[in-house]
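Here is the note you asked for on the fold. Please read it with the model open.

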Amino acid sequence: MELVAAGVQRLAPECLAALPLDVARPTYDRNALRVGIVHLGLGAFARAHLAAVNEAALHAGGGEDLAWGICGVSLRQADTRDALAPQAGLYTLALRSADATGREQQQVTVIGCLLEMLVAPEDPQAVLARIAHADTRIVSVTVTEKGYCHDPASGRLNLQHPDIVHDLAQAQAPRSTIGFLVRGLQQRRAAGQGPITLMSLDNLPSNGHLLRGMVLAFARQVDPALATWIETLCAFPCSMVDRIVPRTTDRDRCDVARALGMDDAWPVLGEPYLEWVVEDQFAAGRPDWAAGGARFVAEAAPFETLKLRTVNGVHSALAYLSVMAGWATVDEAMAQPALKAYLAALMQDEIVPTLPPLPGLDLARYQQRLLQRFENPALKHQTRQIAMDGSQKLPQRLLDTVRARLATDSPIGKLALAVAAWLHFLRGVDEAGLRYDIQDPMAAELAQRYTQAELAAERSGPGPAAMLAWTETLTSVAAVFGDLGDDPRFVRAVSQAAHALRSQGVSGALA
């Protein structure tokens, strides 16, 4: 299918003046803007979050500090570059919500700070050169949990990962996020350029510390002196990011085209809500992102824990239960009273008690607002999209919370249902008999383990004993569960929840 309609005017710099008056657009001198930020992982979230905040900072500065344009790097595919290159990097951000009557609303902005797009597999040396460039001062990443080539349970770099093995051998043509970062820093140091900030925007606990650990582990394999230079001079601030960004559909493109009066090959959607908490630790300066809604703090960890355990943990619980029940979108799922009640109780009873102190935060209001965000009918956020890569997401979204509860010998029944929902989801067929693919970097291993679990259940006979054997087999995947698979309290609780899901279905288990 064509990305733009034949014969229709396409979004481009020379067309900005022709946009409707209610469409916001760049007012700074885009021709004078220079690349100061290299972003690895040019997906929808980065364009709806980082770039949106950066755009606001450029406008707030009155066009005086134009050193903060963005070079976006696609690490796998050329689709984003191919869609946006004819538009000189311009694209539309459509923020969608609904009023009190349920009528959908849309706020449209054309983002201009994406100046350059590179496709890493096509020209890896261009990516390395951009990281090493004198103008580059920040390299940020949104590559999802699986992009770090680490063991999710231990948090260590997987030196046996095929991409890491390749990148240690091929200095000029890396494949992985970590390989590009270290090889780019290696060139930067060799050229006599100064240190920079490397900033993770992914949903991982202590994401800056994790990124630092991955980079240093790789760098030590390359050159201990390089590792020392990075460790001593470069900055790795932790951050918490929050904005729901669903996948763009063809219908969304049509809706945006009507708002613009011209075509945009790849707009992005988002909710109006945005949160960005970032540690103010930068090695070579930063934009005034506070003007776009960012909050600079000394320590981001409490906010990271809040977001991972509430927003992400609840999102995952919702997704796996909903996929199995056949509820395709988050708002459809939230319309199920039993599911909504379960999610509210999951937060209140088992998640909130594990949170660190957050002075000034009204937790009751935060929980209420989160459920309202999930109910947004304008986003049509697909539950299957949220359900991807569960092996990488569960350790920090749900299992860390489980550990915190077990440390105080507190009940985990509601968390166990969320974990059991993921295990149940791994069978690849929903309650209506419709099949779906398991999109996960551990998909092959999980499929094999699921088959072993089914055999273990058959050998154990019917009823709870079968589900206990089934659960023991699946929770022994150490890369995901670590030592939790050895804790009988955890295995028993998950087994009971899995038995309810298998025997009564999602609606029965929720009831």
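1. Basis. This is a predicted model: local features need pLDDT of at least 70, side-chain atom pairs count only at pLDDT 80 or more, and totals for chains, interfaces and linings use all residues. Residues are numbered from 1 along each chain as its sequence is written, and side-chain values use heavy atoms, without hydrogens and water.

2. UniProt, in an unreviewed entry, places "domain: Mannitol dehydrogenase N-terminal" at residues 36–290. UniProt positions follow the numbering used here, feature names are shortened, and annotations may be inferred rather than shown by experiment. The span is 35% helix and 21% strand. Its end C-alpha atoms lie 17 Å apart. Helices (H or I, at least four residues) and strands (E, at least two) are DSSP runs, numbered from the N terminus.

3. An open sheet of 5 strands runs in the order 5-2-1-6-7, with parallel pairing. Two strands pair if DSSP finds at least two bridges between them. Strand 5 (114–119) and strand 7 (197–200) are the edges, each pairing on one side only. Neighbouring strands are turned by 20° against each other on average, direction ignored. Strand 1 (residues 35–40) and strand 2 (residues 69–74) share 5 bridges in the parallel sense. In that pair, H39 has G72 of strand 2 as its bridge partner.

4. A second open sheet has 3 strands in the order 4-3-9, and its pairing is mixed. Strand 4 (104–111) and strand 9 (268–270) each have a single partner strand, so one side of each is left without a neighbour in the sheet. Strand 3 (residues 91–98) and strand 4 run antiparallel, joined by 8 bridges. T92 has V110 in strand 4 as its bridge partner.

5. Helices on that sheet. Helix 9 (residues 250–260) packs on the sheet and touches strand 3, strand 4 and strand 9. Its direction makes about 100° with that of strand 3. Helix 2 (residues 50–60) lies across strand 3 and strand 4, at about 65° to strand 4. Contact means heavy atoms within 4.5 Å. Axes are lines fitted to C-alpha atoms, for helices over the stretch in contact, and angles run from 0 to 180 degrees between N-to-C directions.

6. Helix 6 with helix 7. How do these two helices cross? Helix 6 (residues 177–190) and helix 7 (residues 207–222) pack at about 60°, with axes 9 Å apart. They are therefore oblique to each other. Angles under 35 degrees count as roughly parallel, over 145 as roughly antiparallel, 65 to 115 as roughly perpendicular, and the rest as oblique. The crossing is right-handed (the near helix is turned clockwise from the far one by less than a right angle; anticlockwise is left-handed). Residues of helix 6 in the contact include L181 and L185, and those of helix 7 include M214 and F218.

7. Helix 15 with helix 16. Helix 15 (residues 390–407) and helix 16 (residues 413–425) pack at about 160°, with axes 10 Å apart. The two are therefore roughly antiparallel. Their crossing is left-handed. Among the residues that meet are L394 and L398 in helix 15 and W422 in helix 16.
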